[in-house]
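Subject: Structure handover

Hi,

Here is the structure for you to look over. My notes follow below it.

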Amino acid sequence: AVVVNSNASRVEELALQHGGWVPDMEPYCAKEGVAVNVRFNGDVKVEFPDGNTWTYHPAAIQQIHRPGDLVRVTQDVSHVKQLAGCHGEYAWN
């Protein structure tokens, strides 16, 4: 699941660089949907509970994680260390 940024002005600004903006997109700001496709340029097609779909710049949406969701954890320790350097710390026991 994903959620669209609640700042419609920001979403519009990003959309103008990636496929365009129509006023009908505004009510979907701050709404949850499901990412159904990722385009070659990284744009994400999102389907909403009412069946409508819109395509968003990836910076306009955020993935939602819920208890019970499956996640993939990399076994590449050097990659984990690199990512952790920007987000807290890494400790090896």
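**Salt bridges**

Arg66 counts as partly exposed, at 39% relative accessibility. Please keep in mind that this is a predicted model. The side chain of Arg66 meets that of Glu32 in a salt bridge, with 2.4 Å from N to O. This pair links distant parts of the chain. Arg66 sits in the loop between strand 5 and helix 2, while Glu32 belongs to strand 2, residues 32-38. The two are 34 residues apart. Glu32 is partly exposed too, with a relative accessible area of 39%.

How many salt bridges does the structure hold? There are two. The other one joins Glu13 and Arg10, whose closest N and O atoms are 2.7 Å apart. Both of these residues lie in helix 1. They are three residues apart, about one turn of the helix. An α-helix has 3.6 residues a turn, so residues three or four places apart point the same way. Glu13 is partly exposed, at 42% relative accessibility. Arg10 is partly exposed as well, at 34%.

**Helix 1**

Which residues of helix 1 are buried? They are Ala8, Val11, Leu14 and Ala15. Viewed down the helix axis, these buried residues fall within an arc of 125°, so they line one face of helix 1. The face turned away from that buried side carries the exposed residues Ser9 and Leu16. Strand 1 and strand 4 are among the elements that cover the buried residues.

Look also at the start of helix 1. There, a side-chain oxygen of Asn7 comes to within 3.1 Å of the backbone nitrogen of Ser9.

**The nonpolar core**

The largest nonpolar core has 17 residues. Those with the most contacts inside this core are Val4, Val11, Val46, Phe48, Tyr56 and Ile61. At least two core residues come from each of strand 1 (2-4), helix 1 (8-16), strand 3 (44-47) and strand 4 (53-56). Helix 1 gives the most, with four residues. In soluble globular proteins, nonpolar side chains tend to be buried together.

What does Tyr56 touch, leaving aside its neighbours within four places in sequence? The list is Val4, Val11, Met25, Tyr28, Asp43, Val44, Val46, Phe48 and Ile61.

**Two loop residues**

Val73 is a nonpolar residue outside that picture. Is Val73 buried or exposed? Val73 is exposed, with a relative accessible area of 67%. The residue is found in the loop between strand 5 (61-63) and helix 2 (77-84). Val73 and Val2 are 71 residues apart along the chain, and their C-alpha atoms are separated by 20 Å.

Ala30 is the other one. Its phi is near 75°, a positive value in a residue other than glycine. Most residues other than glycine have a negative phi. Where is Ala30 found? Ala30 is in the loop between helix 1 and strand 2. At 44% relative accessibility, Ala30 counts as partly exposed.

Best wishes

Conventions. Residues numbered from 1 in each chain as written. Predicted model: local features only at pLDDT ≥ 70, side-chain atom pairs only at ≥ 80, totals over all residues. Heavy atoms only, no water. Core = buried A, V, L, I, M, F, W, Y, C linked by side-chain atoms within 4.5 Å. Buried < 20%, exposed > 50% of the residue type's maximum accessible area, 1.4 Å probe, protein only. Contact = heavy atoms within 4.5 Å. Arc of directions from axis to C-beta. Polar contact = N/O pair within 3.5 Å; in protein donor to acceptor, adjacent residues only side chain to side chain. Salt bridge = Lys/Arg side-chain N within 4 Å of Asp/Glu carboxyl O.
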